[in-house]
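Trainee: I am new to this structure. Please walk me through it, one feature at a time.

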Amino acid sequence: MTERMLVDYCSPTLAGIKTGSLFTVYEGIGTRIIHEICEFNRILYRFGIKAVCLRHSPRSTLVYVYRRNALSRDWQSPLAQQMLRSRGYPCDNTERSIAMLGKHVCSDEEFPHEIGLFLGYPPSDVQAFIDHPCSGVKCVGCWKSFTNPEECKRLTDSYNKCTETWRNKMSMGFSLEQLLVSLAA
């Protein structure tokens, strides 16, 4: 896993405009990827960001990067709490909830749709997707929006612009840490 991968897949989360990001690494098989995640966490932790492995196999690793405070804030929604509790997540403990998400990712027959609540998607859209994933979609951006297509489009455009900006800065020689420090300043 490289800094470039984090920028490519997680810029909006790193920049603080999105709660979480999810991506798959197909290289770095074995314990090396776990070591790399630990190394990145030494940088990310100072900025309120954490990377965790949700699923690891000989072929790939599913990595979740999130902002701790944003996740706690998102879960203040009564609908988010109700959905999470109905699946057995302890809403008052993000670390345990993320560990449980990893269990669901590894063992459920279907990908756990409640993952949208870990990525910062509107709880009403996550619930609508769970209830009827193919009908009533008003906008497809980073997620399927059933309730507020304008917000979905606005945020998707914002996330794409952020990623482009961070990629450009990285190609100019900025390191991941420099990009994060420039935000904090």
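Trainee: Which residue just after α1 takes a positive phi?

Mentor: Gly16 does, with a phi of about 90°. Helices (H or I, at least four residues) and strands (E, at least two) are DSSP runs, numbered from the N terminus. This is a predicted model, where local features need pLDDT of at least 70 and side-chain atom pairs count only at pLDDT 80 or more, while totals for chains, interfaces and linings use all residues. Residues are numbered from 1 along each chain as its sequence is written, and side-chain values use heavy atoms, with hydrogens and water left out.

Trainee: How do I read the span of α1?

Mentor: The expected span of a helix is 1.5 Å times one less than its number of residues. For twelve residues, a straight helix would span 16 Å. Between its end C-alpha atoms, α1 spans only 11 Å.

Trainee: Which residues of α1 are buried?

Mentor: Start with the terms. Buried means under 20% relative accessible area, exposed means over 50%, and partly exposed is in between (1.4 Å probe, protein chains only). In α1 the buried residues are Met5, Leu6, Val7, Cys10, Ser11, Pro12, Thr13 and Leu14.

Trainee: What does Leu14 touch?

Mentor: Contact means heavy atoms within 4.5 Å. Leu14 sits in helix α1, and its relative accessible area is 0%. Not counting residues up to four places away in sequence, Leu14 touches Leu6, Val7, Leu44, Ile49, Val65, Arg67, Trp166, Leu176, Leu180 and Leu183. Thr163 is 149 residues from Leu14 along the chain, yet their C-alpha atoms are separated by 9.8 Å.

Trainee: How many aromatic pairs are there?

Mentor: First, the general idea. A pair of aromatic rings is described by the distance of the centres and the angle of the planes. Rings of Phe, Tyr and Trp (its six-membered ring) pair if their centres lie within 6.5 Å; planes under 30 degrees apart count as stacked, over 60 as edge-to-face and the rest as tilted. By this rule there are six aromatic pairs. One of them, Tyr9 with Phe23, is stacked, at 5.2 Å centre to centre and 10° between the planes. This pair links distant parts of the chain: Tyr9 is in helix α1 (residues 3-14) and Phe23 is in strand β1 (residues 20-25), 14 residues apart.

Trainee: Where do charges sit over rings?

Mentor: The test takes NZ of Lys or CZ of Arg, within 6 Å of the ring centre and within 35 degrees of the ring normal. The charged end of Lys18 sits over the ring of Tyr159, 5.8 Å from its centre. Arg68 lies over the face of Tyr45, 4.2 Å from the ring centre.

Trainee: What about the largest nonpolar core?

Mentor: In soluble globular proteins, nonpolar side chains tend to be buried together. A nonpolar core here is a set of buried Ala, Val, Leu, Ile, Met, Phe, Trp, Tyr and Cys residues joined through side-chain atoms within 4.5 Å. The largest has 26 residues, and Leu54, Tyr64, Leu84, Ile98, Leu101, Leu117 and Phe118 touch the most other members. Elements giving two or more residues to this core are β2 (49-56), β3 (61-67), α4 (78-86), α5 (94-107), α6 (116-119) and α8 (149-171). Another core lies apart from it, with 23 residues, among them Leu6, Val7, Val25 and Trp166.

Trainee: How many disulfides does the search find?

Mentor: A disulfide is a pair of cysteine sulfur atoms within 2.5 Å. The whole structure has zero. For Cys53, the closest cysteine sulfur is in Cys106, 7.7 Å away, too far for a bond. Cys53 is partly exposed, at 29%, whereas Cys106 is exposed, at 51%.

Trainee: Which residues of helix α7 are buried?

Mentor: In α7 (residues 123-131), they are Pro123, Asp125, Val126, Gln127 and Ala128. Their cover includes α4, α6 and β5 (144-145).
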